[in-house]
Amino acid sequence: MAINWFKYSAPTTFYPLAGKLIPWFAISSAILFAVGLYIGFVVAPSDATQGEFYRIIFIHVPSSIISMFLYLIMAGYAALGLIFNTRLSSMMASAIAPTGALFAFISLWTGALWGKPMWGAWWVWDARLTSELILLFLYLGFIALHASIDDPRRADRAAALLAIVGSVNVPIIYFSVKWWNTLHQGSTIKYSGTSMHIAMQQAMFTMLAACWLYAIAIALMRVRSIILEREKNTKWITELAEVK
Amino acid sequence: MKKLSLFSLLLLVIRRDLVLAMRRRADVLTTLFFFVMVVSLFPLGVGPEMDMLRKMAPGVLWVAALLASMLSLGRLFSADYLDGTLEQMLLAPQSLSVLVLGKMASHWMVSGLPLVLMTPVLGLQFDMSVEAIGVLMLSLLLGTPILSMVGAIGAALTLGLRGGGVLLSLLVLPLCIPVLIFGTGAVQAVTSGLNVSSHLSLMGALLVLALAFTPWVTAQALRISME
Amino acid sequence: MKKLSLFSLLLLVIRRDLVLAMRRRADVLTTLFFFVMVVSLFPLGVGPEMDMLRKMAPGVLWVAALLASMLSLGRLFSADYLDGTLEQMLLAPQSLSVLVLGKMASHWMVSGLPLVLMTPVLGLQFDMSVEAIGVLMLSLLLGTPILSMVGAIGAALTLGLRGGGVLLSLLVLPLCIPVLIFGTGAVQAVTSGLNVSSHLSLMGALLVLALAFTPWVTAQALRISME
Amino acid sequence: MLEVSNLACSRGDHRLFSGLCFALSPGQIMQVQGANGSGKTSLLRTLCGFISPDEGCISWGGTDVRELAEDYFAQMMYLGHLNAIKDELSALENLRISAGLSGMELSEADAIAALRRMGIKGRERLPTKVLSQGQRRRVSLARLLVNDARLWVLDEPLAALDVGAVALIGELIREHLAGGGMVIFTTHQPLVVAGMEMRSLSLS
Amino acid sequence: MLEVSNLACSRGDHRLFSGLCFALSPGQIMQVQGANGSGKTSLLRTLCGFISPDEGCISWGGTDVRELAEDYFAQMMYLGHLNAIKDELSALENLRISAGLSGMELSEADAIAALRRMGIKGRERLPTKVLSQGQRRRVSLARLLVNDARLWVLDEPLAALDVGAVALIGELIREHLAGGGMVIFTTHQPLVVAGMEMRSLSLS
Ligand code: HEM
Ligand SMILES: Nc1ncnc2c1ncn2[C@@H]1O[C@H](COP(=O)(O)OP(=O)(O)OP(=O)(O)O)[C@@H](O)[C@H]1O
Ligand SMILES: Nc1ncnc2c1ncn2[C@@H]1O[C@H](COP(=O)(O)OP(=O)(O)OP(=O)(O)O)[C@@H](O)[C@H]1O
Ligand SMILES: [Mg+2]
Ligand SMILES: [Mg+2]
């Protein structure tokens, strides 16, 4: 069966679809958060070297990973919007940006909280930390550029170009631990054989999934309000039940 | 229609410039981000040794504040110049100095005040002590208005010259160096346990001097530039 | 009237921008003075300890170069935009990328090259070794054109936005940080006796990449901004 | 009221005019004529004090304008090639602020009325950046309606205006003159001010 | 040659025009008419590709201009509200460079001849910044003389010009049409082109 993807790339059909999907994502995200936090903070044993502090990992690592992936997804949507001139993809890109910035910020914040006991300083100028900071700035740059152009079509296109150019930073963050000798630790999640306790692993993956679902739910909510705002003069919006 | 008093004229100008800054919502935030960015670049170039960074911190923050306020000075009069508003201001039937003072005040609110408020976070990044951060903030609070006011003179003089931005810094930076020295001096004094009040009161005096003279000087500079 | 080849068009654009820069004789000098001034401010803010200064030197010089080139970027397209020349460039019957490349090249000649040439003098002030100065110059020679080219993208995107200067830095600085890191890394490598060629060849690769892609990206950005 | 005697002005090595004498009393209007580059703008800007003349003197009510300074500015308004409006502000805000700068407090209702009269209906609250060339000029000209200056100095007020707007400006000038005002202006387009004698000054 | 069919354009939430159809063949001239803000500039800028239309298509010799891109640009020239001249450069340099940007090499003698014809005599080597408003417009218009574009798109070419210059522009347009050129333009002033039928398009 062939699905007509283009049908769902039109705001008219996407708007109600997103409306139906949001509760599912939101509810499952909430459940997973609860489970993940329970495993992470109650079930998982305390770490031999890091004591109880390590538990911040269950927030820090998912948000770090997601902040990077969201950037790539945002850049991907922006590129689609730029090349195929599809309104919805540009709207998705601008809907994702604030969530991405939020996760980047959380990553920095939790990292800083963790750094004080571990390294004795809130912040060190290490390559990974710095490149995560740059990622936050790239998100903010995207948002600021979009905000300072009044014409939404032009804003979409300009910000898209910026997002694409900025995506070179993501591999730099990812590989920074390998390229430079840093304080920050390297990858612990490996595909073969990990050193982590099984409960830690479960908590980590549950939290990661929860964050993903949360990001999707928020992005869908935001894109719905963007659609409402941008298309407020079209006929189908004025006929919507919630607008009347 | 009723006549405006000098004070409400001052408020009008300040409000106008603030509204203009807010229209470009990005404006206020971006000066701030520039500041944060410059401060964050240094450790990258210099290396992550905490001891050295702690020592550098007040200098870096002050230089960054100086640059951020310099960068935003370019806009102070040039927009008004290009669209002809400045001509109208020179023809205003009230004292031009008051208009200029209003523009200086709003410039500071947009590009100086946010930096002061941001300082604690950056100070912590450089592992500064709470006391030092307090003095640093105080010195910036006294110093950034001076930068805006002295900068305004330069902005008025370089009006309408292309490449004015850089020429402007060239004129203004030397005048701002005393502020920089007293400002960082105050922080160094507090970290080495000395008395800071002499530095700060000197800056206070500079601020009063600037308030008294710069609006008038800037007004004259504007008249010269419009010829 | 005869048709111009692509290459002579490139030369025409470069010559035009250089002539314009020379007309404002101050222009070339002021970027340079800004650079010198920022570099000289740091010792003032930080204190006169030679050991620390020597360590800071490459970072400070690189950051100052970055800021100087950032500051002059604002002018890259905005003058052409305001007086309508940019419209005419977009309507030119040849590849817009070539025109853009010409503008980038002349921007570098005016605001990058002089900094490279000035570096030895400033390096000596910071008591750097001759070897380190050589590597620093080489890294700046490779790096400043990248700054001009990446900066051009930002300049094109922020065209016509008030407060663009600061927004521009916000967009461009993060993208330029890798250049800064490799550049200072090279100097640190040479002072600690390591091999510098890996850093420099990375920068060379970045330069080639930038040459290949930025003119086209900037041309697209210009078309978007003119909408 | 306005008396100009023996005025001379030069730009670069170029003498634009010299020995210029004229006077303007209440209710009078004068058009400055001349080809492109003959010095019309320079003359008007000299009257505003932006350019200091090589020779001669400009007086208002018998006193040199340079002595009067702000007292003179309070009684005149200048409208130049540039519109003096802010792209980011709406027409309404622009008008209220420029009234404020000339020392008047203008209520929103008055401002809207003035803009309506100038034909900016329904676009009072858009940023002026999106307006057309002619609409922007109209916003700038709306200042004529909210001002109690006696002397109007208008440099090509009709530029970019359509026929309807040109007629309206003619009407405004007529009202101003009838109220004892004075106008000195330049234009390359014909401007009809009903029932008023138009004096003219030719520069060459 | 130039065919426009079913063109629609909106700015903000405002539909400026829609369903616009016209064609222009060699030797024809068309004036776009309309009050301030009716969308004349927007139409001309759409023809240049600065604004992408909401609907409809613009074709040149049967091919969509977006496909032709640079081949279309080679055959048209646009002269907008802005003069596109550099304040710091002299009239001569400005003209030679803008010819260069449109792909022509222009000798100094040819450039001077063109400027003379436009009435910029004796000021060819001054920085254009010191020229008067009308003189600057003339420098900009001199590009019409050193260009082999077939389609001229002129947005208020007469702004700031004195009567002599207006007549000259009329003459230039006549020559261009006689050579098989096409012109589409806007103006709020009357422009007489001797012996040519003037088509007009009204926007409202
Ligand atoms: C503000 C400071 C910090 C920032 C910006 C930061 C940033 C990041 C980023 C971007 C990742 C994702 C890496 C990946 O997916 O491979 C990450 C992962 C991680 N971080 Fe941090 N971090 C900070 C502080 C810390 C501290 C203080 C610790 C503990 C000593 C730490 C431990 C970890 C661990 C264990 C991971 C997981 C690595 C993996 O499994 O791949 N981080 N951090
Ligand atoms: N430095 C200079 N050297 C020589 N001539 C100069 C210089 N500066 C200005 N000019 C001349 O002075 C005149 C200025 O004229 P002005 O702007 O007053 O003209 P105008 O009558 O307003 O013309 P327009 O109708 O075009 O607006 C121009 O002819 C200009 O060429
Ligand atoms: N964002 C927007 N929202 C509403 N209206 C807009 C917006 N942007 C532009 N407009 C309107 O679009 C029109 C643009 O007109 P344009 O500049 O094409 O006019 P014109 O016919 O050239 O007028 P003029 O004779 O004054 O030059 C104006 O009426 C303007 O008010
Ligand atoms: Mg004039
Ligand atoms: Mg128009």
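This report describes chain symmetry, a sheet, helix packing and annotated spans in a predicted model.

Residues are numbered from 1 along each chain as its sequence is written, while chains are lettered from A and ligands numbered from 1 in the order in which they are written. Local features need pLDDT of at least 70, side-chain atom pairs count only at pLDDT 80 or more, and totals for chains, interfaces and linings use all residues, with side-chain values based on heavy atoms and with hydrogens and water left out.

**Chains B and C**

Chain C is superposed on chain B by a rotation of 180° with 0.0 Å of shift along the axis, at an RMSD of 0.1 Å (least squares on the C-alpha atoms of residues with pLDDT of at least 70 in both copies). This is the relation of a two-fold axis. The same surface serves both copies, since 98% of the contact residues of chain C recur in chain B; contact means heavy atoms within 4.5 Å.

In chain B, the unreviewed UniProt entry lists "transmembrane region" for several spans, among them residues 108–126 and 202–222. UniProt positions are given in the numbering used here, feature names are shortened, and annotations may be inferred rather than shown by experiment.

Helices (H or I, at least four residues) and strands (E, at least two) are DSSP runs, numbered from the N terminus.

**The sheet of chain D**

The unreviewed UniProt entry gives "domain: ABC transporter" for residues 2–204 of chain D. Over residues 2–204 the chain is 31% helix and 27% strand, with the end C-alpha atoms 22 Å apart.

Chain D has an open sheet of four strands in the order β2-β1-β4-β5, with antiparallel pairing; two strands pair if DSSP finds at least two bridges between them. β2 (14–24) and β5 (63–64) of chain D are at the edges with a single partner strand each, so one side of each has no neighbour in the sheet.

Strands β1 (residues 2–11) and β4 (residues 55–60) of chain D pair in the antiparallel sense over five bridges. D:Glu3 is opposite D:Ser59 in β4(D), and D:Leu2 has D:Trp60 as its bridge partner in β4(D). D:Trp60 also stands opposite D:Thr63 in β5(D). β4(D) and β5(D) run antiparallel and are joined by two bridges. Their hairpin has two residues between the strands, and D:Gly61 takes a positive phi near 60° there.

Helix α1 (residues 40–47) of chain D lies across β1, β2 and β4 of chain D and runs at about 125° to β1(D). Axes are lines fitted to C-alpha atoms, for helices over the stretch in contact, and angles run from 0 to 180 degrees between N-to-C directions.

**Helix pairs in chains A and C**

In chain C, the axes of helix α8 (residues 130–157) and helix α10 (residues 197–226) come within 8 Å and cross at roughly 20°. α8(C) and α10(C) are therefore roughly parallel to each other (angles under 35 degrees).

In chain A, helix α3 (residues 57–84) and helix α5 (residues 127–148) pack at about 35°, with axes 11 Å apart. The residues that meet include A:Tyr71 and A:Met74 in α3(A), and A:Leu138 and A:Phe142 in α5(A).

Terms used:
Angles under 35 degrees count as roughly parallel, over 145 as roughly antiparallel, 65 to 115 as roughly perpendicular and the rest as oblique.
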